[in-house]
Amino acid sequence: MRPGPASVLTFALLTALAAGTGAGAALTDPGMPEALTAGSPLTEAPVTTRDLTDRRSLALRVSTGEVRTVTVRSDGLLTGSSCTSGGTLDSGTSSFAPDRTGLLSLHSAEPLWRDLSVGDRGTDVTALHDALRALGHDVPTGDRVTSGTLRAYRAALVAAGLRAPAAGDPLDHTRVVWLPEPSVIVSRCVAGTGTDVAAGDALAELPTAVQQAVLVTVPTDGAPGGRRGRRTAGERAHRPDRRLRRMRSRCT
């Protein structure tokens, strides 16, 4: 049986539609998406860091030493004083003057306890040499007083604005105020101008030294790793279970 005209026309229309669809698909094909194309090989990548701070408050049991003082070694009326609370006393300077005689503040490993003349020997002489050398004066080595020792002492007095004794005179230890450190902070001035003082009296008080500080409680749920304890005087690294001993700080 032969197809009629209507069947032939329908077939022709379907063929034309198929061809048109194929042509349209060919014309509108976008190709490979850019995101899927092969890129350059990865050779490096940025690295970032982030600090993790696990702050904790710690309770310390602090043991302090005795009150420290700066003392005078002679009797007299304090006619001059530049001492101020919160100020400093520095080795090689003068801050006190009983009976209008200025005293030399001096830090040494051993306080001067006697007058010194040429030929005297002892550990106090060695300490004096080291103290004068720290101030920049030319002094001999050893534990024996020489003319060079007395010359350096006179130079230290003059550098502090004080009157020096005559050449050859012995060193008068009562003209020296001993300091436990090259520079000390004054917590309180004990004797002011116009005060009668006797040998051994305190001229100024210094901050009390912390002898020991021990952790009372230690957090057990802290982040792992080492820690750093903060103090007003600085920092000290420690482990969570470590005791803090002999912290070089002051409490007033």
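Here are some questions and answers on the salt bridges and the disulfide of this predicted model.

Residues are numbered from 1 along each chain as its sequence is written. Because the model is predicted, local features need pLDDT of at least 70 and side-chain atom pairs count only at pLDDT 80 or more, while totals for chains, interfaces and linings use all residues, and side-chain values use heavy atoms, with hydrogens and water left out.

Q: Why is the contact of Arg 68 and Glu 181 called a salt bridge?
A: The term asks for a side-chain nitrogen of Lys or Arg within 4 Å of a carboxyl oxygen of Asp or Glu. Arg 68 and Glu 181 have an N to O distance of 3.6 Å, and the pair is a salt bridge. By this rule, the count comes to 5 salt bridges.

Q: What makes Arg 68 and Glu 181 a tie between separate parts of the sequence?
A: Arg 68 belongs to strand 2 (residues 68-71), and Glu 181 to the loop between strand 7 (176-179) and strand 8 (183-185), so the pair joins parts 113 residues apart in sequence. Strands (E, at least two residues) and helices (H or I, at least four) are DSSP runs, numbered from the N terminus.

Q: Why is Glu 181 called partly exposed?
A: Buried means under 20% relative accessible area, exposed over 50%, and partly exposed in between (1.4 Å probe, protein chains only). Glu 181 has 23% relative accessibility, so the label is partly exposed.

Q: How do you know that Arg 114 and Asp 124 form a salt bridge?
A: Their side chains meet at 2.8 Å, N to O. Arg 114 sits in the loop between strand 6 (104-107) and helix 2 (123-134), with Asp 124 in helix 2, 10 residues apart.

Q: Is Asp 124 buried or exposed, and what decides the label?
A: Asp 124 has 2% relative accessibility, so the residue counts as buried.

Q: What makes Arg 188 and Glu 205 a salt bridge?
A: Their closest N and O atoms are 3.0 Å apart. Arg 188 is in strand 9 (residues 188-189) and Glu 205 in strand 11 (residues 202-206), so this pair ties parts 17 residues apart in sequence. Arg 188, at 41%, is partly exposed, and Glu 205, at 22%, is partly exposed too.

Q: How do you know that Cys 83 and Cys 189 form a disulfide?
A: A disulfide is a pair of cysteine sulfur atoms within 2.5 Å. The sulfur atoms of Cys 83 and Cys 189 are 2.0 Å apart, and the pair is a disulfide.

Q: What is the handedness of the disulfide of Cys 83 and Cys 189, and why?
A: The S-S torsion is about -95°, so the disulfide is left-handed.
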